[in-house]
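Take a look at the structure below.

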Amino acid sequence: MSGVCTAEIIGNDEIAPGIFKLRLRLPAGYQRPEPGQFVNLYLNDPSRLLPRPISVCGWHESVLTLVYAVVGAGTRAISGYGIGAKIRVSTPLGNGFAVQPVKSCILVGGGVGVPPLLYLANRLAENGRDALAVLGFRGEPFLTDEFPCAVEVATDDGSAGFKGNVVELLEKLNLPASGTQILACGPKPMLGALAKFAAKRGIALQVSLEERMGCGYGACVGCVCKTAGGSRKVCEDGPVFAGDEVIWDE
């Protein structure tokens, strides 16, 4: 099955201020997403033509879990959809994470970059791989108790865990660089700082970029990022890139 199908909403709950967990029941045959991929949600309002791309947070027995922040009129409308409502959703899009056969996987997330790492952590656990999740939030954390691995939390306001950002927390943890891979998702400033941290220590890094997308299919060229190999479309060529491939200072 490919393209766009209709899903039934079986849950749409606020799990932190302005953060919602949406659970969708998909038709039989829907393609299982890979960690790091996203889907497009199409609003039921015909005046809002552009879809909302949201990273996959979970998948189990044809139930797709998405976690999103209410940041505009579109996501505000989605937050009002109730159980039993129908919504159109694309099949999984983009390229996901490529986990290396290393001793240590460190998952680093910030804000709404945390949900796709929960899906990655669960897939690693299914495959008998351990991981450490280092998760940053401005204020109230969310999803941290659902990770099947050790979790370290940083908050900007110090209300939970370490007071500061995830890079500062990583420096404090002083984890071994040898045999380590970092897989990350979050705001661009966080990922840029993380890229410098990883490069200084010789740690392999993959980043999932959070760019505003128009179509999600590579047609509109609205989510281009600068890389060492030239301009790339985040929706089509990513959203996951090698950390040393992205040009962070532009």
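## Strands side by side

G58 stands opposite T65 in β5. That pairing belongs to β4 and strand β5 (residues 63–69), which run antiparallel over 4 bridges; strands here are DSSP runs of E with at least two residues, numbered from the N terminus, and two of them pair if DSSP finds at least two bridges between them. β4 and β5 make a hairpin with 2 residues between them, and E61 in the turn has a positive phi of about 50 degrees.

β4 (residues 52–60) is also joined to strand β3 (residues 38–42), again antiparallel, by 4 bridges. There, F38 has S55 in β4 as its bridge partner.

## Where the numbers come from

This is a predicted model, with local features needing pLDDT of at least 70, side-chain atom pairs counting only at pLDDT 80 or more, and totals for chains, interfaces and linings using all residues. Residues are numbered from 1 along each chain as its sequence is written, and side-chain values use heavy atoms, leaving out hydrogens and water.

## A pocket between domains

Now for the second largest pocket, with a volume of about 530 Å³. (A pocket is an open set of points on a 1 Å grid over the protein atoms alone, where a 1.4 Å probe fits, with protein on both sides within 12 Å along at least five of seven lines; lining residues have an atom within 4 Å of a point. The volume is the space filled by probe spheres set on the points, which are joined across faces, edges and corners.)

Its lining has 22 residues, and G110, G111, G136, F137 and R138 lie nearest the centre. β8 (131–137) and β9 (150–155) are the elements that give two or more residues to this lining. Domain 1 (3–93) and domain 2 (104–208) both contribute lining residues, so the second largest pocket lies between them; the domain bounds come from an automatic or database domain assignment.
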